[in-house]
Amino acid sequence: MAAKILRTLLRTKPTNLMMKRFESTEKRVVTFDPFGNKPQKNKKSYLEVIKMFEGRDIRRRGHVEFIYAALSKMREFGVQKDLEVYKALIDVLPKGKFIPTNIFQAEFMHYPKQQQCAVDLLEQMEDNGVIPDSEVEQMLLNIFGRRGIPLRKFWRMLYWMPKFKNLSPWYLPSELPNDTLELAKLAIQRITSVDPGTAVDVWQTEEIEASLDKTWIVSAQSEIQKVLLEEQPPEEPLVIKGPFDVYLRDQVVTYFTLLGKTRQEVEDDKDPDDVSNIEKPPGIPGYLGSTKLPSVKCTVHEQDDGTIVAVCATGTSSRDSLLSWIRLLEKNGNQVLSKIPVIFTLTAPPSDIATQETQIATDEKSSVNQ
Amino acid sequence: MLQMTSSINIGVLKCLTKYRHFSTLCKNVNKCEGFPAVQNVTKRWLFWEPDRKGGYDTAHKVPFTEHLKNGFKEIKNEFRLLSQEMKDLIETDPLLVARPGETDLVWCFNDQSVLDKFVTTCDSDHNEGYSTCKLEMSEAGRARFHGVLDTRVPKDGRIKKAGYCAMRSHRVRKSFKREATYNWNLYNTLVLKVRGDGRSYLLNISCEGYYDITWNDIYHYVLYTRGGPYWQIAKIPFSKFVFGSKGRLQDKQNRMRLDRITHFGITCGDKIPGRFNLEIEYVGLEFDPTHDEEFAYEMYKTDKYIVAV
């Protein structure tokens with residue numbers, strides 16, 4: 001035992017000893033964390049803590065430290081996107097005390113800690129995409145005066161943030177749905193917005209008797225894609241690729257694509273200036289005239305790595321649900337799929353939950369076989 | 001820039017290291033590594049910049065003899081470049097008019113040699129985070145900028161925010177490694193053909209100047225990606241790019257000097273942890289005669305001593 005103690009003593013560096021000393025002092029000091037002992041972590045209890053702090057001491061000692069502590073706890077309470085909470089925090093600062101009364105005070109950052117604290121608070125608002133309103137401006141004016149640095153930060157925020165707020169060309173609701181099915185619908189709609197003729201269907205795998213995973217499938221296919229699928233050579237297999245990620249703000253949806261072969265480029269040696277024999281123009285595939293597609297790659301679905309025939313997202317992202325998807329596609333107007341073989345290439349392993357699902361599914365399959 | 005300017009809320013890389021403002025009495029304690037910062041106060045940066053990299057040492061340490069050898073190997077190539085430059089000068093046949101509606105490609109990512117003109121950086125390179133990224137050829141034969149964005153902050157008490165991955169082109173150079181700039185004066189639109197994952201990326205066009213105050217001047221704009229298997233073509237007018245320094249938007253905005261462009265880059269730093277994947281086919285330029293906007297943001301005069309101080 002003594003040898004062990006001696007060894008550890010010899011091994012420790014002086015800096016480590018300093019750290020040890022620091023650690024021990026921290027253990028002896030009882031830290032008071034008003035946020036830590038709240039049983040329910042929500043907006044109501046968060047505002048309660050702020051109220052409690054305001055009522056505890058008329059001078060509100062340590063309000064800067066309190067605001068920093070409160071800012072770091074915001075995510076824990078799930079209030080980081082709530083303007084009302086930020087207003088309550090700004091309200092902790094005393095009104096009128098920090099307003100500079102002469103030019104020297106105004107120039108040399110009157111009450112620097114408090115101003116920096118307010119700037120950090122505003123920055124946290126900005127990082128969470130919360131746009132302040134004129135009430136925040138009034139509060140800050142009452143606290144720091146119009147020469148205050150938090151006011152400058154506020155005005156910059158109010159100038160820039162609305163400019164970038166609605167810049168994205170793909171509209172998303174301000175509050176994303178919690179339901180995965182609704183999210184998947186939004187994601188698939190966004191992916192397939194290249195072709196306005198795309199129909200997004202929600203199918204249940206229960207419709208297929210042989211299916212093992214009972215889940216939903218969000219499938220998207222346009223009329224043009226149906227024609228493209230029909231024109232696929234029957235001996236060439238189709239490929240299911242995925243899972244790929246698509247982000248809707250901070251939510252991730254995995255999707256799969258059904259890929260076919262790209263059509264051969266037809267060599268055209270005809271002289272385009274020769275007008276002696278003009279052909280009748282071909283129809284629009286799927287809508288007008290003949291359903292045969294023009295020989296040039298003209299549809300958006302013909303990408304350079306293959307023809308995208310359909311896109312889907314399933315509830316479990318499992319192999320079995322994808323199999324059900326193919327069966328459902330066959331049922332819903334793609335009879336060709338009964339003839340063409342389909343290869344599953346799942347490039348990366350799907351998320352943990354999905355792999356578990358597939359394992360269960362294979363077990364069930366084996367038991368069924370027995 | 002002695003300013004505390006506002007920044008774009010979407011994905012501007014803000015990994016400014018912030019120090020605790022200790023009193024002189026605490027100096028010795030401050031030296032102790034791992035001392036937890038209780039309260040973070042921004043260090044006031046001065047005008048003077050010691051180096052272009054902002055203190056990050058990214059140079060390859062090569063012995064002198066090795067350096068000499070490498071230099072000799074370069075000579076042949078540099079003379080070839082010089083003769084090409086002389087030829088161009090004598091021919092005096094520059095492009096004077098850009099064809100409207102036609103895209104001139106600056107980088108077409110169909111070969112590894114084009115990818116080698118870019119360099120990737122992420123916060124884990126400097127032990128300031130855990131993000132990783134790579135720029136590789138994709139299966140379809142295009143550039144694929146992918147990796148994992150991680151917003152976890154290393155607990156060293158210095159760093160407040162983490163999570164960025166960036167790719168940036170090398171500095172354009174004339175023969176004998178003389179620094180040059182791109183001249184994109186003929187065009188007014190940036191064109192990118194990309195296939196993303198629904199995230200928003202940040203396009204950065206650096207306009208480094210001679211003086212240290214301009215070393216960190218970058219013009220930013222957001223590249224929204226649709227996500228999915230379809231390629232998309234994004235056309236962004238240069239007039240929409242906002243001016244920032246060290247990732248902070250500046251109060252006095254101005255249009256970029258298109259003949260002084262030094263770098264082009266794409267950043268992923270949208271504060272959403274997870275994988276990211278951006279395929280790029282080309283980066284091109286276009287002249288759009290219908291776009292006659294000089295600059296998209298207000299340039300009016302504001303009150304004294306409130307803005308840009």
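Me: Why is B:Asn127 called exposed?
Reply: B:Asn127 has a relative accessible area of 63%, and exposed means over 50%, buried under 20%, with partly exposed in between (1.4 Å probe, protein chains only). So 63% puts B:Asn127 in the exposed class. Bear in mind that this is a predicted model, where local features need pLDDT of at least 70, side-chain atom pairs count only at pLDDT 80 or more, and totals for chains, interfaces and linings use all residues. Residues are numbered from 1 along each chain as its sequence is written, chains are lettered from A and ligands numbered from 1 in the order written, and side-chain values use heavy atoms, leaving out hydrogens and water.

Me: Where is B:Asn127 found, and what does it touch?
Reply: B:Asn127 is in the loop between E2 and strand E3 (132-137) of chain B; strands (E, at least two residues) and helices (H or I, at least four) are DSSP runs, numbered from the N terminus. Not counting residues up to four places away in sequence, B:Asn127 touches B:Pro154 and B:Ile159, where contact means heavy atoms within 4.5 Å. Its C-alpha atom is separated by 25 Å from that of B:Ile205, 78 residues apart along the chain.

Me: How do you know that B:Cys165 is in no disulfide?
Reply: A disulfide is a pair of cysteine sulfur atoms within 2.5 Å. For B:Cys165 the nearest cysteine sulfur, that of B:Cys133, is 4.2 Å away, and B:Cys165 is in no disulfide. B:Cys268 is in none either, with the sulfur of B:Cys165 nearest at 6.0 Å. Over all chains the count comes to zero.

Me: What makes B:Cys165 and B:Cys268 count as buried?
Reply: B:Cys165 has 0% relative accessibility, and B:Cys268 has a relative accessible area of 0%. Both values fall under the cut-off for buried, so both cysteines qualify.

Me: What makes E2 and E11 of chain B edge strands?
Reply: The open sheet has seven strands in the order E2-E5-E12-E7-E8-E10-E11 (chain B), with antiparallel pairing. Two strands pair if DSSP finds at least two bridges between them. E2 (118-122) and E11 (248-249) each have a single partner strand, so one side of each is left without a neighbour in the sheet.

Me: How do you know that E7 and E12 of chain B are joined?
Reply: Five bridges join E7 (residues 200-206) to E12 (residues 263-268), and the two run antiparallel. With five bridges set against a requirement of at least two, they therefore pair. In E12(B), B:Gly265 is the bridge partner of B:Asn204.

Me: What makes a nonpolar core, and which residues have the most contacts inside the largest?
Reply: A nonpolar core is a set of buried Ala, Val, Leu, Ile, Met, Phe, Trp, Tyr and Cys residues joined through side-chain atoms within 4.5 Å. The largest has 50 residues, and B:Leu190, B:Phe241 and B:Phe264 have the most contacts inside it. Strand E13 (residues 274-286) of chain B gives the largest share, five residues. Leaving aside neighbours within four places in sequence, B:Phe264 is in contact with residues including B:Trp107, B:Leu190 and B:Val283. A second, separate core of 38 residues includes A:Val85, A:Leu89, A:Met139 and A:Ile143.

Me: Which residues are buried in helix H12 of chain A, and what covers them?
Reply: In H12 (residues 223-230), A:Ile224, A:Gln225, A:Val227, A:Leu228 and A:Leu229 are buried. Their cover includes strands E2 (216-222) and E3 (238-248) of chain A.
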